Number of protein chains: 2
Amino acid sequence: MSALDWTHDPALRSWVESANAAGSDFPIQNLPLGVFRSRTARPTIGVAIGDQILDLRACIEARDLHGPEACRGETLNALMALPAGERRALRLAIAALLRADARRLEWLVPQSAVEMDVPARIGDYTDFYASVHHATRVGRRLRPESPLFPNYKWLPVAYHGRASSIVVSGTPVRRPSGQTHADGAPAPLFGPSRRLDYEAEIGFFLGPGGPLGASIPVGSADAHIVGACLVNDWSARDLQKWEYQPLGPFLAKSFATTISPWVVTMEALLPFRAPLSPRGPDDPAPLPYLAGAPDGGLGITVEVYLETPAMRDRGMPPVRVSTASFLDMYWTPAQMVTHHASNGCNLRPGDLLASGTVSGPAEESAGCLLERASAGEEPIALPSGERRAFLEDGDTVVMRAFCAREGFTRIGFGECRGSVVGP
Amino acid sequence: MSALDWTHDPALRSWVESANAAGSDFPIQNLPLGVFRSRTARPTIGVAIGDQILDLRACIEARDLHGPEACRGETLNALMALPAGERRALRLAIAALLRADARRLEWLVPQSAVEMDVPARIGDYTDFYASVHHATRVGRRLRPESPLFPNYKWLPVAYHGRASSIVVSGTPVRRPSGQTHADGAPAPLFGPSRRLDYEAEIGFFLGPGGPLGASIPVGSADAHIVGACLVNDWSARDLQKWEYQPLGPFLAKSFATTISPWVVTMEALLPFRAPLSPRGPDDPAPLPYLAGAPDGGLGITVEVYLETPAMRDRGMPPVRVSTASFLDMYWTPAQMVTHHASNGCNLRPGDLLASGTVSGPAEESAGCLLERASAGEEPIALPSGERRAFLEDGDTVVMRAFCAREGFTRIGFGECRGSVVGP
């Protein structure tokens, strides 16, 4: 991993004034990549800066930015395919364009004026299960005596997800229908899910990857990660309970997965690398192929906010229902990448790996309602006087994430938002 | 589904003589679609006829064939996106070009002179588990008292597979490494799989599909299936046993999946539609959304052949180790499609749905070694005097499939071939 450079200097400011505001998700130290679409134009790669977007295609065509040509694409895939060194060089070039002492460019578009796309053509989507706190709480309901399967602390458990139904923040999510089965009932029923849930996750877009048959050593795995976004892995718990054995979740998840539109690069996350929270004294050491760098974790705080129609009607802001640290995960992103490729599976630029629900040890850090409201037994109380065990039609879930560390400028992920519409 | 037409007439012959030979997989009644590549040309869509390929791009450019433009693509995706009626019209037009009384065209390429590609850009790959005989035999080893989970006879169980590692017939398959755990051992080990298996399946390439949020009624599901191919869902049983709980198979499958290159269209399969083998008297009727047409099954015979290096050295042909009927599946392709979209999941042209291992009730019809050799306990005997419990390096697995019915011309799938290379 490359070292810190001048783009991480907290004194660095931009000529885009909104980027210098305290609490902005997108100061010049961040520079996340995304794909935007204004009413008339084709999809365009941009960089978020304050409340604006720098249009990279326009920068290239005006020769304000000299390559790479991949900046002119309609998705981030070609950019993601670049070696880590070239991606870092692009960051430096963009920061040089936006720093306070640089010439003002006219290639800005207000974020409020455009729609965002899913930033890459996602070839394959893999969802991990890397929070031991989440896995333990979920497992305890099914197997109180041994909540974790014996494999959990040896390998990063994961499953293949559905790529076609990944949507960008803001897309309405229709309540899925499916088969559910009440305990003891003679037959299942088909109808709308009554246990609709969210899961707050961090997703990682992959870079170069490798050919079929090649593994990726854990020491170089970070070079194959381009950056991170928020993921809402919507889950229909009642469908899931009936369908998941023996091959895992399928229709309980595949109706929609929402991601935030901005890819916060690994370079921007560099100051926030840190060791994961210590494992338990009896936990096994990772096998050699997974024994990664000690600072392989990322200090990302993940928050979930909920807003009901009644709250909206009464002008109440969304209420935060959980906050968790990504350092409480059991596996690092590098370990996930290395495990994924350890059998020779080829990873491709634009593939998305999600972490699994980000939950910490505290109840308030539980990143899904199944945990947070104890599978419906302890509905959470909202400021409107309402309670929620699971999501109702009209509810809006907003996820936010940020990195903050003494001596560095806070950077944010923007938001990952979705509202539930009726079946 | 459209009715039989003159292209299904067994008296129909082609001016491509090799197509008229008894036992040819590709008579004029078949006309499967594929993508081939000669040394200098870019990927090209073609139709198999006897031992030749009709180059559709050349036909279009010479105006021997009048559209659709999608025939000029480098993958079948745009063709697959066409409505079923247009795909049928294309079949009729191609058959008219190739029938014995038509003018000879020069747009033929010998199959032996080209390499085949995976025929479509596969957005998502889904693998079902639709053989009750397979599920029962596999389940019996883990849960003798109740081999099938309670959901099995109510819904077509499936999981998302890995699209990136789908390769075309003939591609060598590297033995994967991964974590395995011996019963009672204090820790797992990382190393090459010692229980490498094949699974013989039928895959279905999807057509138009629909937008996110829309379901597909079972009565119209067949219009969203373009055609079928063979699938070898290579499986590392020892990796699978350790990793699969609770989220299903992952690295045990994602190292490679081999498919045959020719897409046998649903129009070609029309004469071979038939009811599935009767369900048991106590089996439940499908829920209304899955209650499909009575002839939703396909009379496809699936064969697996094995060849070891010793057999090759001694000039012995591959030996058939199993033969199964696709009518012994528990669910039809239409039911799989409808269930898949029942939660609103969007299916896209070029998506691949595989059936799961095709196994029948007889021991000789078991489509994987786990069943066929009783999980290693009863290795199968080969004509070379060797025995096989699982695959060894150098072994070649060849799958073949065909449809035969009195009064119709036999059609074949070609072969799905893969050889195991060392780790």
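Contact here means heavy atoms within 4.5 Å. The model is predicted: local features need pLDDT of at least 70, side-chain atom pairs count only at pLDDT 80 or more, and totals for chains, interfaces and linings use all residues. Residues are numbered from 1 along each chain as its sequence is written, chains are lettered from A in the order in which they are written, and side-chain values use heavy atoms, with hydrogens and water left out.

**View 1. The contact between chain A and chain B.** Chain A and chain B each put 55 residues into the contact. About 5300 Å² is buried between the two chains, 63% of it on carbon and sulfur atoms (buried area is the accessible area, 1.4 Å probe, lost on putting two parts together, summed over both). His160(A), Leu247(A) and Phe250(A) supply 16% of the area that chain A buries against chain B, more than any other three residues.

**View 2. A salt bridge across the interface.** Arg162(A) is joined to Asp351(B) by a salt bridge, with the closest N and O atoms 2.7 Å apart. Between chain A and chain B the count is four salt bridges (a side-chain nitrogen of Lys or Arg within 4 Å of a carboxyl oxygen of Asp or Glu).

**View 3. The axis relating the copies.** Chain A is superposed on chain B by a rotation of 180° with 0.0 Å of shift along its axis, RMSD 0.0 Å (least squares on the C-alpha atoms of residues with pLDDT of at least 70 in both). The two copies are thus related as by a two-fold rotation axis. In chain A, the C-alpha of Gly248(A) is the nearest to the axis, at 2.2 Å. Of the interface residues of chain A, 100% are also interface residues in chain B, so the copies meet through the same surface.

**View 4. The largest cavity.** The largest cavity holds about 150 Å³ of space (a cavity is a set of points on a 1 Å grid over the protein atoms alone where a 1.4 Å probe fits but cannot get out; lining residues have an atom within 4 Å of a point; points are joined across faces, edges and corners, and the volume is that filled by probe spheres set on them). Among its 13 lining residues, Leu33(B), Arg87(B), Leu90(B), Thr265(B) and Glu267(B) are the closest to the centre. H3(B) gives the largest share of this lining, four residues (helices are DSSP runs of H or I, at least four residues, numbered from the N terminus).

**View 5. The second largest cavity.** The volume of the second largest cavity is about 130 Å³. Its lining includes Leu33(A), Arg87(A), Leu90(A), Thr265(A) and Glu267(A). H3(A) gives the most to this lining, with four residues.

Methods
On a 1 Å grid over the protein atoms alone, a cavity is a set of points where a 1.4 Å probe fits but cannot get out, and a pocket is an open set with protein on both sides within 12 Å along at least five of seven lines; lining residues have an atom within 4 Å of a point. Helices (H or I, at least four residues) and strands (E, at least two) are DSSP runs, numbered from the N terminus.
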